Amino acid sequence: MGLELINRFYDTLDSLEKKVDLERLVEVLIRNKSNRGEVPIFTCNMVMGNPNYEAIENNNFEKFFHRNLFDSYTYYYNEDLRHIWDYAIEKKILKPQFHAREHLNISLWMKDLKNNLHDTRFAFNNGFYGLKTITSSRFQNNYLAAYYAESFDQLENIKITLEDGIKMFQDFWKMKPRSFVCCQLYFT
């Protein structure tokens with residue numbers, strides 16, 4: 001038995017961009033200058049990493065581990081996109097801003113993995129976490145609301161993750177973020 005993903009475009013189409021995706025976006029932006037010779041600028045709300053499934057499982061679901069954005073490109077696609085990002089930022093075509101360290105409610109996800117919640121563990125075993133499913137939360141039916149706390153302990157963990165994510169952003173892009181867009185505020 002698999003996971004029901006029919007008519008869930010996010011679940012079936014969303015993924016980490018590939019090198020060719022980023023190259024083509026940069027090409028389109030460069031080719032489409034305004035009458036004054038200005039190129040369009042895209043603000044990219046960045047998620048700085050992804051779960052490291054192997055490390056989490058090897059630690060018996062006791063601790064969360066992540067893989068940073070550039071390591072994710074290498075891990076999933078064996079591609080280095082750093083030079084494309086650097087070029088696009090230098091040319092003022094792409095402007096990274098902070099969205100999240102991971103687009104994931106780590107506390108809820110780890111609790112449900114540790115408790116072996118069927119759909120959650122099945123998705124985990126297939127390298128996926130963004131499913132809409134039954135969670136152990138009364139309020140959340142998915143794991144994408146990274147900053148939704150249901151206890152003071154979770155709030156403290158979110159603060160730590162947020163601070164770490166912003167530091168990671170600054171280390172990667174050599175600038176401070178000027179904007180922030182929260183991860184999924186609704187729970188449907």
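The legends below describe close-up views of one predicted model.

In this predicted model, local features need a pLDDT of at least 70 and side-chain atom pairs count only at pLDDT 80 or more, while totals for chains, interfaces and linings use all residues. Residues are numbered from 1 along each chain as its sequence is written, and side-chain values use heavy atoms, with hydrogens and water left out.

**View 1. The largest nonpolar core, with Trp-85 as one of its residues.**
A nonpolar core is a set of buried Ala, Val, Leu, Ile, Met, Phe, Trp, Tyr and Cys residues joined through side-chain atoms within 4.5 Å, where buried means under 20% relative accessible area, exposed means over 50%, and partly exposed lies in between (1.4 Å probe, protein chains only). The largest such core has 26 residues, and those with the most contacts inside it are Met-48, Trp-85, Leu-94 and Trp-173. At least two residues of this core come from each of α2 (19-31), β1 (42-47), α4 (69-77), α5 (82-90), β4 (94-100) and α8, and α8 gives the most, with five residues. These element names follow DSSP runs numbered from the N terminus, with helices (H or I) of at least four residues and strands (E) of at least two. Contact means heavy atoms within 4.5 Å, and Trp-85, not counting residues up to four places away in sequence, touches Glu-17, Leu-22, Cys-44, Met-46, Phe-70, Tyr-73, Leu-94, Pro-96 and Trp-173. In soluble globular proteins, nonpolar side chains tend to be buried together.

A second, separate core of 16 residues includes Tyr-53, Phe-64, Leu-108 and Trp-109. Leaving out residues up to four places away in sequence, Trp-109 touches Pro-51, Tyr-53, Ile-56, Phe-64, Leu-104, Thr-120, Phe-124, Tyr-129 and Tyr-143. Tyr-143 is 34 residues from Trp-109 in sequence, but their C-alpha atoms are 6.2 Å apart in space. The buried residues of α6 are Ile-106, Leu-108, Trp-109, Met-110, Asp-112 and Leu-113, and what covers them includes β2 (49-51), α3 (53-58), α7 (118-125) and α8. Just after this helix, Asn-116 takes a positive phi of about 60°.

**View 2. The second largest pocket and its lining.**
On a 1 Å grid over the protein atoms alone, a pocket is an open set of points where a 1.4 Å probe fits, with protein on both sides within 12 Å along at least five of seven lines, and its lining residues have an atom within 4 Å of a point. The second largest pocket holds about 190 Å³ of space, a volume being the space filled by probe spheres set on the points, which are joined across faces, edges and corners. Its lining has 14 residues, of which Arg-101, Ile-106, Asn-157, Ile-158 and Thr-161 lie nearest its centre. The elements that give two or more residues to this lining are α6 (106-114) and α8 (152-173), and the largest share, four residues, comes from α8. By type, the lining divides into eight nonpolar, four polar and two charged residues, where Ala, Val, Leu, Ile, Met, Phe, Trp, Tyr, Cys and Pro count as nonpolar, Asp, Glu, Lys and Arg as charged, and the others, Gly among them, as polar.

**View 3. Two buried residues, Glu-102 and Gly-165.**
Glu-102 is found in the loop between β4 and α6 and is buried, with a relative accessible area of 2%. Its side chain makes a polar contact of 2.8 Å with the side chain of Arg-101; such a contact is a pair of N or O atoms within 3.5 Å, and within protein one must be able to donate a hydrogen and the other to accept it, while residues adjacent in sequence count only if both atoms are side-chain atoms. Apart from neighbours within four places in sequence, Glu-102 is in contact with Val-47, Gly-49, Asn-50, Phe-64, His-66, Ala-146 and Thr-161. Gly-165, found in helix α8, counts as buried at 0% relative accessibility. With neighbours within four places again left aside, Gly-165 is in contact with Met-48, Phe-98 and Arg-101.

**View 4. Two exposed loop residues, Asn-60 and Asn-78.**
Asn-60 lies in the loop between α3 and β3 (66-68) and is exposed, with a relative accessible area of 56%. Phi of Asn-60 is near 55°, a positive value in a residue other than glycine. Asn-78, in the loop between α4 and α5, counts as exposed at 67% relative accessibility, and phi of Asn-78 is near 55°.
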